[in-house]
Amino acid sequence: MRHSKTGEKFLEVRVIDQSTREEVLCQLRGVWADTAPIPGDYVNLLEKEGNLTDSRALPSCVRKLTLTESNGHLLVIQPDLLLSPASLSTYFECPRKAVLSERLKFNIDMGYGNEEDDRGMKARFFGNILHLLFQKCITNGWGEITELSSALWEMLHENSVSLWSFAYTEAEAFKELEGRLREIHDWHETYIRPKNKSRATLPFKGVLGGPQGTQEANGAVLSLREVRGTEEYIYSPSLGLKGMVDVTVEVALHGWDGGAHSLVAPLELKSGKNWGQPAHRAQVVLYALMMSHYHKQQISVGLLHYLSGPFCTTNY
């Protein structure tokens with residue numbers, strides 16, 4: 001750790017390009033100064049050139065690179081250990097939790113870790129059911145509550161053994177989840193089959209990449225055009241990330257430069273009641289970042305919807 005003349009702390013890391021054997025001096029400033037690489041670590045250096053889709057391995061001709069929170073360059077430590085956005089977002093609770101959870105996952109799965117209590121198992125089970133219902137509704141175009149009710153009964157019957165594990169009957173589970181069907185139906189009617197188009201738009205918060213770099217899209221709004229898929233498994237070895245995107249959607253951006261632009265975006269679903277958690281927002285950003293690398297196109301939008309919360313969807 002070093003300090004500049006102004007007293008700012010920074011970290012200098014010397015990195016060897018394994019293919020060319022060239023040495024790169026990397027200065028980590030700002031929030032990056034708290035990074036803790038150790039000698040022998042494998043790392044990926046990604047340099048931002050204009051926009052995210054141009055990120056690539058640092059070329060050997062570069063001898064020095066400075067990372068700050070504003071210039072968009074990235075340093076990924078131990079990228080061979082692929083983490084999910086969900087686990088990486090637990091950094092807000094504990095910086096070591098994501099890596100430890102991944103490394104100890106085998107022991108937990110084999111029954112050597114702490115077991116969840118019945119309440120936690122029930123919450124996760126009901127959350128999975130709501131995820132599946134939402135995904136089936138928007139992909140199949142269900143416009144009637146009865147279609148959701150039939151699907152819910154079918155899912156509960158197929159998972160009756162799981163229900164027994166926390167002493168629930170199918171009827172009790174249906175009664176607890178039945179009130180959520182209307183919320184899923186209303187979301188579908190508002191954003192997928194809108195009768196009132198003014199309610200079907202969301203204000204856009206963020207910047208977009210263009211030929212002249214990033215620009216703020218002031219006054220722009222989003223509308224959902226198409227559901228492209230659900231549970232899409234994607235990964236990015238350069239970022240050290242892997243995961244399932246709950247829903248991949250195509251949205252239209254209006255009112256930015258007088259035209260309408262099509263954008264691909266992840267839609268992250270949350271069934272809990274801890275609305276607005278930084279970890280949830282971080283997941284959306286990480287999915288958008290990962291999709292940018294995987295699909296090799298700019299992903300500037302991410303959507304977050306709480307199945308148990310207020311009737312709204314936010315974007316980041």
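Guide: Start with glutamate 231, which counts as partly exposed because its relative accessibility is 36%, a value between the 20% and 50% cut-offs. Keep in mind that this is a predicted model. Glutamate 231 sits in strand β11. Its backbone deserves a look. Phi of glutamate 231 is near 50°, a positive value in a residue that is not glycine. Most residues other than glycine have a negative phi.

Alanine 167 gives a second case. Its phi is near 60°, again positive, and alanine 167 is not glycine. The setting is a loop, the one between α6 (160–165) and α7. With 67% relative accessibility, alanine 167 is classed as exposed, since the cut-off for that class is over 50%.

Back to strand β11. Arginine 228 lies in this strand, which covers residues 221–236. What does arginine 228 form with glutamate 250? The answer is a salt bridge, with the closest N and O atoms 3.2 Å apart. This pair links distant parts of the chain: arginine 228 is in β11, glutamate 250 is in strand β12, and 22 residues separate them. Is glutamate 250 buried or exposed? Glutamate 250 is buried, because its relative accessibility is 11% and the cut-off is under 20%. Arg225, Arg228 and Glu250 are linked in a network of salt bridges.

Strand β12 runs over residues 241–254 and includes methionine 244. Methionine 244 has 39% relative accessibility, so it is classed as partly exposed.

Move on to helix α9, residues 278–295, where glutamine 283 is found. Glutamine 283 is buried, because its relative accessibility is 5%. What does glutamine 283 touch, leaving aside residues up to four places away in sequence? Its contacts are Pro85, Ala86, Ser89, Glu268 and Lys270.

Now the other salt bridges. The structure holds six in total. One of them joins glutamate 176 to lysine 122, with the closest N and O atoms 3.6 Å apart. Here too the pair links distant parts of the chain: glutamate 176 belongs to helix α7 (residues 170–177), lysine 122 to helix α4 (residues 118–140), and they are 54 residues apart. Glutamate 176 is partly exposed, because its relative accessible area is 38%. Another salt bridge pairs glutamate 183 with arginine 180, and the closest N and O atoms are 3.5 Å apart. Glutamate 183 has a relative accessible area of 31%, so it is partly exposed too.

Helix α8 takes in residues 181–192. How many residues does α8 have, and how far does it reach? It has twelve residues and reaches 16 Å from its first C-alpha to its last, close to the 16 Å expected at 1.5 Å a residue. Its buried residues are Leu181, Ile184, His185, Trp187, His188, Glu189, Thr190 and Tyr191. In an α-helix, residues three or four places apart point the same way, because there are 3.6 residues a turn.

Threonine 146 lies in helix α5, residues 145–158. Threonine 146 is exposed, because its relative accessibility is 55%.

Next, the cysteines. The structure holds zero disulfides. Cysteine 26 has a relative accessible area of 1%, so it is buried. Cysteine 137 is buried as well, because its relative accessible area is 0%.

Finally, step back to the whole chain. Its secondary structure comes to nine helices and 15 strands. The chain has 316 residues, and 41% of them count as buried. Among contacts with a separation of 6 or more, 60% are between residues 24 or more positions apart. The chain exposes about 17,700 Å², and carbon and sulfur atoms supply 51% of that area.

Methods
Residues numbered from 1 in each chain as written. Predicted model: local features only at pLDDT ≥ 70, side-chain atom pairs only at ≥ 80, totals over all residues. Heavy atoms only, no water. Helix = DSSP H or I, 4+ residues; strand = E, 2+ residues; numbered from the N terminus. Buried < 20%, exposed > 50% of the residue type's maximum accessible area, 1.4 Å probe, protein only. Expected span 1.5 Å × (residues − 1). Salt bridge = Lys/Arg side-chain N within 4 Å of Asp/Glu carboxyl O. Disulfide = S-S within 2.5 Å. Contact = heavy atoms within 4.5 Å. Areas by Shrake-Rupley, 256 points an atom, 1.4 Å probe, with all protein chains shown as cover.
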